Amino acid sequence: MDQLPEYIDELPNISGHEAEVARVATAARARPLFAAPGGIDFPRVRAATAIALHQHQPLIPAGGSDLRSAAIISNLQYMMEHQDIGDNHNAPVFVWCYKRMGEFIPQLIGEGHAPRCMLEYSGTLLHGLRRMGEHGVIEALRTITCNPDYSPAVEWLGMPWGHAVAPSTPVQDYRLHVRAFQHHFAALFGWEALERVRGFSPSEMALPNHPDVAYEFVKTLVDCGYQWVLVQEHTVIEPETGGHPRQPHLPHRLVCTNSKGEQASIIAIVKTQGSDTKLVAQMQPWYEAQGLAPLTLDGHEVPPLVTQIADGENGGVMMNEFPPKFIEVVRAASGSDTPLMNVSEYLEHLFALGVRESALPEVQPLFQDRIWARMQPGDGPQRLAEVIDTLKREDDRFHMDGGSWTSDLSWVAGYDNVLGPMEAASALFNERVLVPGVDSDDPRYRNALFHLLCSQTSCYRYWGQGEWTDYGREICRRAMAIIEHDLPRPGG
């Protein structure tokens, strides 16, 4: 297939070739792509470590003084242009943070070592970097992604294009985010690179715990060709015990059942502990792996995998401590019995031993055991709503907001003034675009989709009321105005 154009009509290429994207994203799943070129002697591995860097910058209406007419630009661009405000002086360092793995990987491989790192960049960040003229960042990432000398060391993770949180994003829109990221990624790095994007990282590690939403979340990932998903250990439980995973360093199966009795499952890789950039900045997972020994799984002795993800740029520890510590650990880990490995590489080796996916221990989202104790799958949405309402009345700690690594933060409570416009924009997009079947290659579709996905960025519900909620409402307003103007109701 021909390479997709990166931009169409000044917008990132996030729609129009869904059939080709789906075919590529699923076709390679049946063959190993990571184990052979990686050079890891898996039988002698005692324990392994996987780290991921989460990189994100939202798009904001800040390219001008009037909120209603300001150009939508990257928050990073705004930081660059206003370095006298707050912590904005970190903007140039942030740019280097987005680029630096493109320097570290070739350096370490050139030294004869075996670096490993998983990368998760939001679509809004990638678009923002390009629009800022930071082409060197994109080219450095392209080198380690597409050059076969370096690509075995790097695993890209899929994510929702606009960094939307799954529990409170309409399910049909979340699917659009997932596909848009794959689309944009293929346009940036090519079809072969897309074949190797097999794992998914949900923004803010937010996992839906409402059974119907959780089912749609997993079904979306499976339908879009993903093999595994990263989950935070405190957002899932083992059905038989009601507790969190007892062996979090082994892969699990996330099994979600909806109120109609339908079931979907996907491999779950458990990220342990809470949100703390020091864990990755100081390469703590590798030091944890030093004290671990092989475990029994499906009759095989397998090495545990200690998995962590952290913001790749935020905080002094990531900006300053991570680079020398990463390089130091790669040099120490390479060729040892506690190497760094990427997750898909680890899974390929694991299944080559004869471990069956069906034998992986099962987990389900938090609180679902309490729901299924009161009803049966298949009882339907109305019964589910009644059970949830009863449980909320009985226990004010019970909620269906979903779980994330920021368990003290709700993505719903206190944000009605953002959620209302977001849901209105979603409903209008569904009514005027999805239901009538507007072609996804239509410029009107792409423009409306771009604004819809931008409006659902988690940042508008992270920093509290004020400037950021104003940004979120304004982008929702623009999304609705674009749809009303470009795709009016028939006869309207």
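This report describes a predicted model, taking its sheet, helices, salt bridges and cysteines in turn.

## Basis of the model

Because this is a predicted model, local features are reported only at pLDDT of at least 70 and side-chain atom pairs only at pLDDT 80 or more, whereas totals for chains, interfaces and linings use all residues. Residues are numbered from 1 along each chain as its sequence is written, and side-chain values rest on heavy atoms, with hydrogens and water left out.

## Sheet and annotated domain

Ten strands make up an open sheet of mixed pairing, in the order S10-S16-S11-S12-S9-S8-S7-S6-S3-S15. Strands (E, at least two residues) and helices (H or I, at least four residues) are DSSP runs numbered from the N terminus, and two strands pair if DSSP finds at least two bridges between them. The edges are held by strand S10 (236-237) and strand S15 (305-311), each with a single partner strand, so one side of each has no neighbour in the sheet. Within the sheet, strand S11 (residues 252-257) and strand S12 (residues 263-271) run antiparallel and are joined by six bridges; valine 255 has serine 265 of S12 as its bridge partner.

UniProt, in an unreviewed entry, lists residues 50-238 as "domain: Glycoside hydrolase family 57 N-terminal"; its positions are given in the numbering used here, feature names are shortened, and annotations may be inferred rather than shown by experiment. Over residues 50-238 the chain is 44% helix and 18% strand, with the end C-alpha atoms 23 Å apart.

Helix H14 (residues 343-352) is largely enclosed by the rest of the structure, because eight of its ten residues are buried. Buried means under 20% relative accessible area, exposed means over 50%, and partly exposed lies in between (1.4 Å probe, protein chains only). Just after H14, glycine 354 adopts a positive phi of about 110°.

Alanine 27, in helix H1 (residues 18-27), is partly exposed at 49% relative accessibility.

## Salt bridges

A search of the whole structure finds 29 salt bridges, each being a side-chain nitrogen of Lys or Arg within 4 Å of a carboxyl oxygen of Asp or Glu. In one of them, arginine 331 meets glutamate 111 at 2.8 Å, N to O. Arginine 331 lies in helix H13 (residues 316-333) and glutamate 111 in the loop between helix H5 (101-110) and strand S6 (117-121), so the pair ties together parts that are 220 residues apart in sequence. Arginine 331 is partly exposed, at 40% relative accessible area, and glutamate 111 is partly exposed as well, at 36%.

Arginine 489 forms a salt bridge with glutamate 431, their closest N and O atoms being 3.0 Å apart. This pair links distant parts of the chain, 58 residues apart, with arginine 489 in the segment after helix H19 (467-486) and glutamate 431 in helix H17 (residues 416-434). Glu431 and Arg489 also belong to a network of salt bridges with Arg432 and Glu484. In a further pair, aspartate 442 and arginine 444 have their closest N and O atoms 2.9 Å apart; aspartate 442 is buried at 17% relative accessibility, whereas arginine 444 is partly exposed at 35%.

## Cysteines

The structure holds zero disulfides, a disulfide being a pair of cysteine sulfur atoms within 2.5 Å. The sulfur of cysteine 224 is too far for a bond, because the closest cysteine sulfur, in cysteine 256, is 16 Å away; cysteine 224 is buried, with a relative accessible area of 1%. For cysteine 459 the closest cysteine sulfur is that of cysteine 454, at 11 Å, again too far for a bond, and cysteine 459 is buried at 9%.
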